[in-house]
Amino acid sequence: MSEKDIIECTQAAPATVASLVEDLSALGGVPGITLLVHSSLSQLGWVCGGPVAVILALEMILSAEGTLVMPTHSGELSDPSQWQDPPVPRSWWDLIRQSMPAYTPDLTPSRSMGAIPECFRKQQGVLRSGHPQVSFAAWGKHASRVVENHSLDFSLSENSPVAKVYEMDGWILQLGVDYYTNTSLHLAEYRAAFAGKKHQLNGAPVLVNGQRVWVSLQDIEFDTSDFQVIADAFAQETGLIKTGRFAQSMASLMP
């Protein structure tokens, strides 16, 4: 969606930092919590200040006592034999494995995460975890605890930022996105026993003692196809999902 399209779709006045703070407060955001955010800037209508305004509003609500977390995944740092969107010729695979630059938290961009996480990861004081494919960035009181010791194997299980957010009684905020993007449910994939659960081997370039190496990564095959069904059941059976407007879009907040 172009910026022109977003402007034309924006009803009444555009969102500002002040109006976004009001929306978050009405939704139930409070100071001091740990908050994992999934977002789509284009779904919010035209925002004065763009991703910066959204980030500032979130940090104002949380205050210095809170912790803000966002996924900053870089899925292209993976084995090219598994690429589907788009695939590359088989003749390229070895070259890619040999030459793709190693993951570095400061330099490696996020991919398909949206403008808000990509802006957030570059903010001064934000820390980023060390996983080459499914990193998370964090700001605030418990940022270092969230991102430290992110396991290379089984990347979103017990030694992951998602598990840290869970341990800290964190909250999930969905801004203009559906529940298929809710990375917290991947933790449930590891913990749950279900038919069809499969393991897979992947790879990525990382730095080991300052040297680039290609490492093998063990994990499970993620499947988001039932995340919406899970969220709907959770909402119906617990009543714990709060919904409301955030700028021009719907938002949901849940423990």
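In this predicted model, Glu167 is partly exposed, with a relative accessible area of 45%. Its side chain forms a salt bridge with Arg145, and the closest N and O atoms are 3.9 Å apart. The pair links distant parts of the chain, since Glu167 belongs to helix 7 (residues 161–167) and Arg145 to helix 6 (residues 143–147), 22 residues apart. Arg145 is likewise partly exposed, with a relative accessible area of 35%.

A search of the whole structure finds seven salt bridges. Three of them are listed here, including the one just described.

| Salt bridge | N to O distance |
|---|---|
| Arg97 and Asp79 | 3.0 Å |
| Asp94 and Arg97 | 3.0 Å |
| Glu167 and Arg145 | 3.9 Å |

Asp79, Asp94 and Arg97 are linked in a network of salt bridges. Arg97, at 21%, counts as partly exposed, because the limit for a buried residue is under 20%. Asp94 is partly exposed, with a relative accessible area of 48%.

The model also contains an open sheet of seven strands in the order 3-4-2-1-5-9-8, with mixed pairing. Strand 3 (127–128) and strand 8 (242–246) stand at the edges; each has a single partner strand, so one side of each is left without a neighbour in the sheet. Strand 3 runs antiparallel to strand 4 (residues 136–140), and two bridges join them. Leu127 has Ala138 in strand 4 as its bridge partner.

Helix 2 (residues 17–27) lies across strand 5 (171–175), strand 8 and strand 9 (249–254), and runs at about 165 degrees to strand 8. Within this helix, Leu20, Val21, Leu24 and Leu27 are buried. Viewed down the helix axis, the buried residues of helix 2 fall within an arc of 125 degrees, so they line one face. These buried residues pack against helix 3 (50–62), strand 5, strand 8 and strand 9. The face turned away from the buried side carries the exposed residues Glu22 and Ala26. Just after helix 2, Gly28 takes a positive phi of about 125 degrees.

How values were computed. Residues numbered from 1 in each chain as written. Predicted model: local features only at pLDDT ≥ 70, side-chain atom pairs only at ≥ 80, totals over all residues. Heavy atoms only, no water. Pairing = 2+ DSSP bridges. Helix = DSSP H or I, 4+ residues; strand = E, 2+ residues; numbered from the N terminus. Contact = heavy atoms within 4.5 Å. Axes fitted to C-alpha atoms, helices over the stretch in contact; angles between N-to-C directions. Buried < 20%, exposed > 50% of the residue type's maximum accessible area, 1.4 Å probe, protein only. Arc of directions from axis to C-beta. Salt bridge = Lys/Arg side-chain N within 4 Å of Asp/Glu carboxyl O.
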